[in-house]
Amino acid sequence: MIHTRFPNRLVMLGFGSIGQGVLPLILRHIDIAPTNITIVTAEPRGKEVAAQYGIRFIEQAATLENYRALLTPMLQKGDFLLNLSVDVGSVALMQLCQELDVLYLDTVVEPWAGGYTDPSLSPSQRSNYAMREAAIALRGMAAGGPTAITAHGANPGLVSHFVKQALLDIARDTGAPVATPPPCADRAAWAQIAEQLGVKVIHIAERDTQVGDRPKKPGEFVNTWSVDGFVGEGCQPAELGWGTHEKALPADGRRHESGCDAAIYLLRPGASTRVRTWTPLEGPFHGFLITHNESISLADYFTARNADGSVRYRPTAHYAYHPCDDAVLSVHELAGKNWEMQPEKRLMTDEIVRGMDELGVLLMGHQKGAYWYGSRLTIDQARKLAPHNNATSLQVTVAVLAGVIWAMENPRRGVVESDEMDYARILEICRPYLGEVVGVYSDWTPLQGRAVLFPEALDTADPWQFSNIRVV
Ligand code: NAD
């Protein structure tokens with residue numbers, strides 16, 4: 001089904017697992033001439049895929065020094081820059097697109113190369129919090145300008161729309177149905193729904209069970225999506241939206257000195273910070289608290305304020321990620337080498353023999369305990385639905401497609417975060433590609449099964465404290 005027609009040009013920056021996975025979806029669902037699409041990327045990877053679809057392929061890395069000279073000749077008013085690269089500063093590209101009157105979407109607020117681990121920057125300065133602040137600081141200059149969607153993949157991205165649907169489901173099932181969901185631009189109304197339902201914690205709870213036909217070798221980092229992307233964010237300080245129900249800041253927790261103040265960071269990498277969480281098929285598990293843009297944007301978006309502006313309610317929000325088993329082994333090896341990257345990397349594609357990505361949001365602390373809402377997509381389903389994808393990438397690429405369509409349908413919105421987009425329209429576009437989409441209630445809490453062995457360390461008065469969720 002064609003969702004929209006785009007007569008202008010589209011430049012794709014980066015053509016790795018996400019770029020290659022989204023191209024066939026764009027050509028399937030957007031009426032655009034292949035001759036109007038150009039790929040600009042740092043390496044030959046994907047060249048044969050581009051050729052298969054008749055797309056121009058330029059092998060040239062974008063850098064701080066050359067990005068304006070490289071991209072400006074390819075972009076005119078009304079065109080689209082789709083940024084699916086690593087190591088290219090998102091904020092610089094957003095600024096350029098505003099100047100050129102060009103639509104923009106990325107899936108993460110990315111710093112220039114080395115920015116995640118730059119020792120000259122403080123943990124706060126190289127946090128996702130700081131990068132998000134820099135991106136949303138462009139709201140003023142972009143007001144009424146071309147739509148620039150910041151951080152819209154699966155997570156960040158799709159999960160923000162899952163949260164809205166989950167809230168409406170819980171409201172319905174607890175006898176407080178929302179007759180007409182508020183527009184997504186109305187943050188206060190959505191925050192009020194979350195507050196009234198008593199949602200204390202939101203996890204992005206993900207269990208990837210995909211396995212390949214050969215095990216990870218020593219000295220090899222294996223993953224189902226960008227190894228560079230995962231290692232980069234995994235080495236950043238752990239970050240989480242910090243809820244108003246939390247009784248005490250963790251000993252290694254720090255607040256930022258400026259900005260929205262919706263989140264904190266921990267003085268340790270996310271890839272060495274584990275949290276207890278739950279998904280319907282996996283049950284309880286330990287996930288990594290990897291920093292993500294949505295941890296901050298969700299906490300900020302769902303903040304309810306008093307008339308004097310003081311904060312009355314905010315949920316704790318963070319990622320709880322169990323990547324595929326070989327990636328867990330890879331992280332373990334990486335940490336043991338003091339975060340020095342393995343000499344070899346392998347992004348699993350054709351060698352995957354089974355498994356699924358169970359990706360959703362877990363809303364906790366309300367009347368019905370915990371509610372997970374999300375996608376269960378197997379590798380077999382993903383392969384049938386779209387070429388050049390595995391289960392993990394398809395959840396991302398269909399969300400990228402939906403964001404691109406939404407930007408084309410809403411071209412003058414300026415800088416937009418996932419939470420501000422129309423959740424129903426995005427879910428409508430994504431749904432055919434998400435496998436089974438389910439909502440499941442659970443009586444799971446992070447205290448389950450623990451009180452017997454080590455009762456003294458637990459806060460039994462409130463199961464939903466971060467001190468109970470964190471694995472120490
Ligand atoms: P990948 O490593 O497979 O591919 C990255 C691509 O960027 C490659 O084509 C590479 O050549 C290109 N590239 C690297 N440096 C470049 C430069 N200087 N100029 C131009 N191109 C350059 O990564 P991926 O899995 O395709 O992920 C792409 C991006 O999407 C990453 O930033 C990743 O963090 C993000 N991502 C977001 C989500 C989400 O759900 N929001 C999920 C997966 C990936």
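## Around the ligand

Start at Ser 85: one of its backbone N or O atoms sits 3.2 Å from an oxygen atom of the ligand. This is a predicted model, so read every distance here as a computed one. Gly 16 also uses its backbone, with an N or O atom 3.1 Å from a ligand oxygen. Glu 43 brings in its side chain instead, placing a polar atom 2.9 Å from an oxygen atom of the ligand.

In total, 27 residues surround the ligand. The closest ones are Ser 17, Ile 18, Arg 45, Ala 62 and Ala 154.

Now for the overall layout. Domain 1 puts 25 residues into the contact, and domain 2 puts in 30.

## Where the domains meet

Together, domain 1 and domain 2 bury about 2,200 Å², and 55% of that is on carbon and sulfur atoms. On the domain 1 side, the residues that lose the most area to domain 2 are Asn 128, Tyr 129 and Arg 132, which together account for 33% of what that side buries.

Arg 132 turns up again when you look at charges. The interface has 1 salt bridge by the rule used, and Arg 132 pairs with Asp 300 in a salt bridge whose closest N and O atoms are 2.9 Å apart.

Which elements give two or more residues to the domain 1 side? They are helix H1 (17–29), helix H2 (47–52) and helix H5 (128–136). H1 gives the most, with 7 residues. Sorted by class, the side of domain 1 that touches domain 2 has 10 nonpolar, 9 polar and 6 charged residues.

## Salt bridges elsewhere

Side chains of opposite charge can pair when their charged atoms come close. Across the whole structure, the search turns up 30 salt bridges. One to look at is Glu 282 with Arg 207, where the closest N and O atoms are 3.2 Å apart.

That pair ties together distant parts of the chain, 75 residues apart. Glu 282 is in the loop between strand S15 (274–279) and strand S16 (283–288), while Arg 207 is in strand S9 (residues 201–208).

Technical notes
Residues are numbered from 1 along each chain as its sequence is written. This is a predicted model: local features need pLDDT of at least 70, side-chain atom pairs count only at pLDDT 80 or more; totals for chains, interfaces and linings use all residues. Side-chain values use heavy atoms; hydrogens and water are left out. Contact means heavy atoms within 4.5 Å. Buried area is the accessible area (1.4 Å probe) that two parts lose on being put together, summed over both. A salt bridge is a side-chain nitrogen of Lys or Arg within 4 Å of a carboxyl oxygen of Asp or Glu. Helices (H or I, at least four residues) and strands (E, at least two) are DSSP runs, numbered from the N terminus. Ala, Val, Leu, Ile, Met, Phe, Trp, Tyr, Cys and Pro count as nonpolar, Asp, Glu, Lys and Arg as charged, and the others, Gly among them, as polar. A residue is near a molecule or strand if one of its heavy atoms lies within 4 Å of it. A polar contact is a pair of N or O atoms within 3.5 Å; within protein, one must be able to donate a hydrogen and the other to accept it, and residues adjacent in sequence count only if both atoms are side-chain atoms.
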